[in-house]
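Here are some notes to read beside the model, written as numbered points. Please keep the structure open while you go through them.

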Amino acid sequence: MWFLVPFLLVFAVTILAPVIYAVGLSLFRDRLVGGISFVGFDNYAQAFTDEKFHEGLLRVCAFLVVQVPVMLVLALVAALAIDSGRLAGASFYRVAVFVPYAVPGVVAVLMWSFLYSDRFGLAGNLNDLLGFDLLKPLADEWILPSIGNIVTWEYVGYNMLIFYSALRTIPEELYEAAAVDGAGPLRVVGSIKLPALRGAIVIATIFSIIGSFQLFNEPNILRSSAPGLIPTYFTPNMYAFNLSFLGQQANYAATLAIIMGVVTAVIAYIVQVRGSRQETQ
Amino acid sequence: MRRNPSPVRSHPARQRRSVILTVVMVLFVIYSLLPLAWLVVSSTKTQNDLLSSFGLFPSGPFAFFDNVKQTLTHDNGIFLRWFGNTLLYVIAGAGGATLLAALGGYGLAKFSFPGKRIVFAIILGAIAIPGTALAVPTFLMFSRLGLTNTVWAVIIPSLVSPFGLYLVWVYAGEAIPTELMEAARMDGAGEVRIFFTISLRLLAPGVATVGLFAIVATWNNYFLPLIMLSDPDLYPLTIGLQLWNSQGAGIGAQPIFNLVITGALLTIIPILLAFLFMQRYWQSGLSAGSVKQ
């Protein structure tokens with residue numbers, strides 16, 4: 001067990017201690033008059049009536065409900081296509097689709113914000129060509145889908161690879177048996193491949209949900225291209241960040257971080273329980 | 001578990017190529033590579049041509065080498081300094097994370113000790129804690145300790161990878177026969193020696209996978225250095241590029257988008273090369289992890 005000690009020490013410093021510290025912070029409040037005082041669950045009560053927090057939370061929920069299924073279905077299609085044995089040069093497609101994952105998020109957002117820009121991006125080029133503004137990725141009503149596109153671009157290959165790896169573990173005998181039974185390719189997908197992917201789909205869904213609730217990098221970097229469209233409380237994470245760094249409200253920011261952590265953990269847990277229950281049926 | 005990195009599966013009767021699937025995948029590849037193609041083309045343009053020409057075609061004088069030179073020398077070569085910082089954070093952070101995960105995962109897989117189940121539950125639970133939710137409390141704690149705005153503020157939190165530990169744990173359970181360890185003990189080898197001479201070798205593909213993903217995570221790290229660092233001399237590439245980009249946004253600002261674009265290209269080349277050259281490792285390691293979900 002001594003092998004585990006170094007990990008546990010750093011784990012205690014970087015994960016356990018901040019969690020405990022955050023819980024402690026969330027129970028206090030620092031007022032201009034009167035200094036630091038114990039307020040019990042007042043900060044949590046404040047979060048329940050805080051419209052900025054609710055707006056951010058609803059926004060990431062809307063984002064999650066659309067972006068995660070779109071991305072996972074795309075990843076699934078790509079994995080099944082690459083695994084189908086009916087593509088020439090399948091390994092080229094696999095690497096090409098995966099490449100964006102290795103691109104730093106900052107660079108991904110910078111590239112896409114250039115592409116989105118109507119001054120010198122492809123969106124602008126296309127609009128010039130058509131003579132009217134067909135694409136306005138940085139307009140108010142399109143900003144969330146535009147962010148969704150960036151996140152999908154970054155992570156679809158990663159999820160594809162998780163699915164693809166799971167597909168490669170299906171024993172060859174199953175395919176042979178299916179061929180003997182005269183099952184067509186769609187039957188094989190429906191009765192062999194998709195059931196074998198269930199575990200991988202649950203894992204990918206959980207990671208994607210965690211990622212959506214944490215949404216920060218993409219909107220925060222896009223702010224420099226479209227500052228008016230993305231308020232400082234665009235997502236709960238941005239709100240917490242700005243509260244603690246610009247607003248000097250560390251206690252309330254810690255409270256929001258804890259609420260988001262609990263919400264994420266609960267939803268991840270539900271997905272996992274539901275996913276594994278269906279598996280045993 | 002398959003340890004063969006590139007298993008050959010013979011599909012029955014060499015199925016015909018599918019046109020529909022090929023079209024779908026070509027579209028996928030275009031979507032995945034289009035922004036990168038734009039980046040490469042744009043890195044050959046001057047600041048003026050960037051604004052006035054069509055994005056996917058080269059235009060104006062070929063300014064790539066000039067852009068690279070400007071990127072590397074702008075502001076007294078701060079880009080190279082950021083590059084060095086990124087290297088430091090990657091080597092110390094990702095290297096340390098990989099070593100700790102390898103040791104810890106091995107310990108969890110191959111030894112029993114009281115409280116093991118609790119330890120394991122806590123670590124698995126930690127995977128679900130959003131990293132960014134931790135970042136704000138970690139910052140507040142580190143600023144109490146006087147660690148913010150030092151390299152330690154970036155390195156220490158990078159050292160822990162619960163997911164990496166999990167991957168090594170799964171991998172070690174399958175890859176290292178307990179009998180082999182017993183035999184080595186009979187020969188009088190100590191545990192540390194067994195780990196470094198026998199086990200680590202068998203763990204290599206799993207550890208390489210964990211290492212590669214840790215490298216990507218630290219190379220691409222944005223949120224942590226963003227909150228921890230205020231001194232541009234300590235910035236990694238990601239924060240530095242964002243700084244350059246935001247310089248072009250203000251009124252009356254002097255945009256240096258050509259440097260942002262060329263810098264972005266220079267930032268992704270090493271990490272892409274690492275991925276391409278280590279393909280066989282991460283692909284086999286990932287499939288090992290996905291079996292045991």
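How are helix 7 of chain B and helix 9 of chain B oriented to each other, roughly parallel or roughly antiparallel?

1. This is a predicted model, in which local features need pLDDT of at least 70 and side-chain atom pairs count only at pLDDT 80 or more, while totals for chains, interfaces and linings use all residues. Residues are numbered from 1 along each chain as its sequence is written, chains are lettered from A and ligands numbered from 1 in the order in which they are written, and side-chain values use heavy atoms, with hydrogens and water left out.

2. Helix 7 (residues 162–175) and helix 9 (residues 191–219) of chain B pack at an angle of about 165°, and their axes lie 9 Å apart; the two helices are therefore roughly antiparallel to each other. Axes are lines fitted to C-alpha atoms, for helices over the stretch in contact, and angles run from 0 to 180 degrees between N-to-C directions; angles over 145 degrees count as roughly antiparallel and those under 35 as roughly parallel. Helices (H or I, at least four residues) and strands (E, at least two) are DSSP runs, numbered from the N terminus.

3. The contact (heavy atoms within 4.5 Å) involves, among others, B:Leu167 and B:Tyr171 of helix 7 of chain B, and B:Leu203 and B:Pro205 of helix 9 of chain B. By class, this contact has nine nonpolar, three polar and no charged residues, where Ala, Val, Leu, Ile, Met, Phe, Trp, Tyr, Cys and Pro count as nonpolar, Asp, Glu, Lys and Arg as charged, and the others, Gly among them, as polar.

4. In another pair, helix 3 (residues 64–110) and helix 6 (residues 151–158) of chain B pack at about 30° with their axes 8 Å apart, which makes helix 3 of chain B roughly parallel to helix 6 of chain B. Residues of helix 3 of chain B including B:Leu88 and B:Tyr89 meet residues of helix 6 of chain B including B:Val154 and B:Ile155, and the residues of this contact divide into seven nonpolar, two polar and no charged.

5. Between the chains, the contact takes 102 residues from chain B and 88 from chain A. The area buried between them (the accessible area, with a 1.4 Å probe, that two parts lose on being put together, summed over both) is about 8600 Å², of which carbon and sulfur atoms give 76%.

6. Chain A has 12 helices and two strands, and its C-alpha trace spans about 80 × 65 × 35 Å along its principal axes.

Notes:
Parallel < 35°, antiparallel > 145°, perpendicular 65-115°, else oblique.
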